[in-house]
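User: I am new to this structure and would like a close look at one part of it. Could you take me through how the domains of the chain sit relative to each other, and then anything nearby in your notes that helps me find my way?

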Amino acid sequence: MAEVAEQDTGKKGGRQKVKPPPHIDMTPMVDLMCLLIVFFMLTAAFTKAKIMEINLPEKIRDPNVEPPKIPESRTVNIILGPDDRVFWYPGMVREEDYSNPPPLRETSFGADGIRRLLVERNRTLFKRIDDFNNEILTGRISLPRDSIESEIRRLKRDDDTGPIVLIKAYKSATYGNFVEILDEMNIVGVARYSFVDLSWIENFMVERALGISSTASASTGN
Amino acid sequence: MPKIKIASKPPHVDMTPMVDLFAVVLIFLMLTTTFRITEPGVVDTPYSISERPVLDFNIMTVVISNDGRVFFNVDNGPDTILKFRQKILAEMGGHYGIEFTQEELTKFGNFPASIGVPIERMKEFLAIDNPADKAAFQRGVPLDSADNQLAMWVLYTRQVNPAVNASIKGDSGVEFPIVKRVLDVLQDRNVNRFNLITSLRSADVKLEEIPE
């Protein structure tokens with residue numbers, strides 16, 4: 001609908017009036033821009049996805065090499081169960097306890113469950129990192145971003161009282177749980193954590209806690 | 001009585017400010033956003049507090065969709081001249097005894113999404129142009145021990161681009177054995193460092209809230 005504004009053709013005294021500039025209709029341009037905006041809104045990703053780094057322990061292929069020993073008193077085992085359930089037990093299961101393994105304790109994801117449990121154990125380091133972050137925030141120390149990260153890494157490395165968390169997953173756990181528990185490690189600032197395979201005895205313990213009659217435990221036992 | 005004359009022409013609205021506004025919005029959108037990558041399956045990434053953004057290049061991504069299919073994606077490197085994708089596919093073809101033409105390699109190099117096609121059907125897949133028909137081929141990269149193509153993709157990607165970083169983009173509902181399988185495949189190739197792709201969430205922990 002290109003329309004040009006009507007010009008005053010009135011003549012006065014034979015003199016021609018100065019013509020107003022021709023009016024350009026902007027409506028099609030508005031239509032076009034509208035379409036473009038809608039297109040961009042639908043195809044655009046406003047926030048760039050984030051990444052969480054994780055290092056897994058190298059697989060030991062040589063059977064003569066023993067896995068590194070870790071102090072039992074600091075060990076916390078976290079087992080991801082089905083339906084967003086999460087279990088934990090301290091220490092480790094000794095061979096003489098295989099007939100009567102320790103019971104699993106159930107906790108939950110989120111601030112009151114696993115996070116509280118870990119912060120209680122990781123109090124010293126958590127406080128140090130917290131103080132450090134506060135000093136950065138209040139501007140008492142000013143460091144470039146890289147140095148902040150390496151400083152926190154140094155704090156974590158020097159820590160020798162915090163828990164050593166072993167994360168294990170039961171077969172019906174989900175990937176979401178896995179990421180959530182790793183995230184929890186980052187929130188709490190656990191210095192040492194690793195993802196390891198679920199042993200058969202732990203599999204049996206989970207199934208007992210879930211109330212699954214573990215006929216499978218006999219076959220997994222050998 | 002004089003007649004009341006009704007204006008025969010509708011009033012003219014000046015669209016110029018509207019155009020100005022739209023142009024500003026458009027430029028804003030173009031500058032602040034990146035194109036969303038369409039994955040061949042539904043992938044609803046889990047949340048984490050990590051604020052590190054994804055890398056722009058030198059990445060290979062293993063995508064696990066919510067129905068358990070596994071896809072593989074790799075970028076062309078910092079420079080499209082390097083054509084990593086084409087080289088990787090050529091190497092894969094060499095391993096499985098499939099000769100890819102230059103045209104097929106170019107098509108693969110420009111394919112915008114993740115690949116979940118078994119290598120035997122890659123030629124058919126690349127020959128099709130219709131996206132809907134293409135989707136039918138995306139049945140997931142085989143990764144069982146009998147036919148472990150994912151391992152070969154990882155191997156050749158690392159040979160072609162040694163600086164590559166592995167990342168995993170999984171749906172939060174995927175059952176763990178599939179994830180474990182992917183991790184095992186990567187670890188068998190000595191990839192022990194991963195980036196898990198997540199969405200941002202916030203979390204605050206306060207020391208005072210936790211009793212001594």
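Analyst: Between domain 1 of chain A and domain 2 of chain A, the C-alpha centres are 28 Å apart. Domain 1 covers 72-122 + 163-221, and domain 2 covers 123-161; these bounds come from an automatic or database domain assignment. Contact joins 6 residues of domain 1 of chain A to 6 residues of domain 2 of chain A, where contact means that C-beta atoms, placed from the backbone, lie within 7 Å. On the domain 1 side, the touching residues are 3 nonpolar, 2 polar and 1 charged. Here Ala, Val, Leu, Ile, Met, Phe, Trp, Tyr, Cys and Pro count as nonpolar, Asp, Glu, Lys and Arg as charged, and the others, Gly among them, as polar.

A word on the model: it is predicted, with local features needing pLDDT of at least 70 and side-chain atom pairs pLDDT 80 or more, while totals for chains, interfaces and linings use all residues. Residues are numbered from 1 along each chain as its sequence is written, and chains are lettered from A and ligands numbered from 1 in the order in which they are written.

Now to chain B, and one residue there. B:S65 is buried, with 23 other C-beta atoms within 10 Å (buried means 20 or more, exposed 12 or fewer, partly exposed in between, with C-beta atoms placed from the backbone). Leaving aside neighbours within four places in sequence, B:S65 is in contact with B:E39, B:G41, B:V42, B:V43, B:F71 and B:D171. The C-alpha atoms of B:S65 and B:A146 are separated by 22 Å, and the two residues are 81 residues apart along the chain.

Technical notes: Two residues are in contact if their C-beta atoms, placed from the backbone, lie within 7 Å.
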